[in-house]
Amino acid sequence: MDVLWESETQLTVRQVGSRLTDRDLAHTTVMTVLDRLAKKGFARRERDGRAWLYRAAASREAYVTELMLFALDQTGDRSAALASFARRVSGSEARVLRRALETGGDSAGS
Amino acid sequence: MLSPVLVLATLAVGLVPAAAELAAARWPRRSPAAAIMLWQAMGLGWGVAAIGTLAALGADPVGPGVAGGAFAVLDNAARNVAREVRPPGFLAALRLLCLGASAALLALLCWVLIAAAGAVLRDRRRHRALLSLLAHGDPKVPGALVVDHPAAAAYCVPGLRSRIVISAGALDLLDQAELAAVLAHERAHLRERHDLVLLPFTALARAFPWSVLVQRSYASVALLVEMLADDHAARRRPARELVTALIRVGSAGSPGSPAGTLAMADDEEAEVADSGVTARVERLLTPSPGLSLPAHVLVCGAAAALVVVPAALLVMPL
């Protein structure tokens, strides 16, 4: 997928394989992976003669934003898909919390 | 002898103020596990009692028990239809209406649960697919995935193929000890499948967004689940690490507002009055003793009775 994101143009399976220089992958392996990405909607492809031309469906940044939006938007009723560690607190609440931490630290003697 | 209709109706109605009472109570914070069990029993008990009240209203009082009486009415109606008798009398029609309402409520509650589970599974599958493309491991947080984004986020994706995710922003924000506390907290969520505990309450919260009581119940259980995971983490790590991690992640703004949409989400969340973080911090800093044994027995007994009594009333011939 990184290869597709870095490329400005559409790529054939063979071009993707040749750019994955750090790994020695079989042509069919690359083909299978790209096929799977296309089926999941992460890559778009067009027929060019007998070969498929692949490109990323959206930029890497767009996907990161989608991921984080979903992760930070866990205010409750919308989805239970994830479990966030801590919700956002308001400014005044944050001040109270910091004070609680200071006094709590004193009593604990640390 | 009390009629089952009366008992079931009393239960169904009485559980409403009881839920409001439990949502406002302080003792659940001392023993989240017991309180969660009571919430589950109340939810299940209310469902059975409400469905049962309608069924009991529709059931033939001379039939054996509510379930048997309901079948007697249906059987009778079916036979009348088969014999092409004139439409049933007013009383029989009213009975069928009550039985229909009972079946509709049962179907609605089941549907709500299935729809919520479906939505959750769909969201998780998409999220895992994105993570497999974007996230990478990091030696600072063994066993967790890191997403390169400046906003502070730490969360887990529950399921059979569970994931713990830490954003690069959170990685910068927290020191090594705090990260370990966060990981311990998230692992507790995953190990005990807290998402399954929360799912029925999420389903109700989604189905009845206008009901203040349902929303408060959901918020209570969600907070108790967090406290449960906090307790697990605090058993393994010093509570103070968890507290500082909570405060840092909770009060972190999105640095430089990386995307307009993210900044918007922050504003929206700032309006939420009680995030629950304060309550979690308070009980971690000044731990109170758990419930006494008699209190524990009382809670467990109440939970058992809430499930057993309405269910027994439905099947037992009276």
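Visitor: Which residues of helix 1 of chain B are buried?
Guide: The model is a predicted one. In helix 1 of chain B, burial takes in a proline and several leucine and alanine positions. The buried residues are Pro4(B), Leu8(B), Leu11(B), Ala12(B), Leu15(B), Ala19(B), Leu22(B) and Ala23(B).

Visitor: Against which helices of chain B do the buried residues of helix 1 pack?
Guide: Helix 1 of chain B covers residues 4-24. The packing partners of its buried residues belong to chain B as well. They are helix 2 (32-58), helix 3 (65-82), helix 8 and helix 12 (293-315).

Visitor: What span does helix 1 of chain B reach from its first C-alpha to its last, and where does a kink lie?
Guide: With 21 residues, helix 1 of chain B is expected to span 30 Å at 1.5 Å a residue, and its reach of 30 Å is close to that. The kink amounts to about 30 degrees and comes shortly before the proline Pro17(B). Its position is Leu15(B).

Visitor: Is Ser217(B) buried or exposed?
Guide: Ser217(B) belongs to helix 8 of chain B, residues 212-236. Buried means under 20% relative accessible area. Ser217(B) has 9%, so the residue counts as buried.

Visitor: How many aromatic pairs does a search of the whole structure find, and what is the geometry of Phe42(A) with Tyr63(A)?
Guide: Over all chains, the search finds two aromatic pairs. Phe42(A) and Tyr63(A) have their ring centres 5.4 Å apart and their planes at 75 degrees. Planes over 60 degrees apart count as edge-to-face, so this pair is edge-to-face.

Visitor: Which parts of chain A does the pair of Phe42(A) and Tyr63(A) link?
Guide: Both residues are buried, and they stand 21 residues apart. Phe42(A) is in the loop between helix 3 (27-40) and strand 2 (43-48), while Tyr63(A) is in helix 4 (residues 60-72).

Visitor: Why is the pair of Phe208(B) and Trp210(B) edge-to-face?
Guide: Trp210(B) is exposed, with a relative accessible area of 65%. Its ring centre lies 5.6 Å from that of Phe208(B). The pair is edge-to-face because the planes stand at 80 degrees.

Visitor: At what distances from the ring centre of Trp52(A) do Arg45(A) and Arg47(A) lie?
Guide: The charged end of Arg45(A) sits over the ring of Trp52(A) at 4.4 Å from its centre. Arg47(A) lies over the face of Trp52(A), and its distance from the ring centre is 4.5 Å.

Note on methods:
Residues numbered from 1 in each chain as written. Chains lettered and ligands numbered in written order. Predicted model: local features only at pLDDT ≥ 70, side-chain atom pairs only at ≥ 80, totals over all residues. Heavy atoms only, no water. Phe/Tyr/Trp six-rings, centres within 6.5 Å; stacked < 30°, edge-to-face > 60°. Helix = DSSP H or I, 4+ residues; strand = E, 2+ residues; numbered from the N terminus. Buried < 20%, exposed > 50% of the residue type's maximum accessible area, 1.4 Å probe, protein only. Lys NZ or Arg CZ within 6 Å of the ring centre and 35° of its normal. Expected span 1.5 Å × (residues − 1). Bend = angle between axes of the 7 residues up to and from the residue. Contact = heavy atoms within 4.5 Å.
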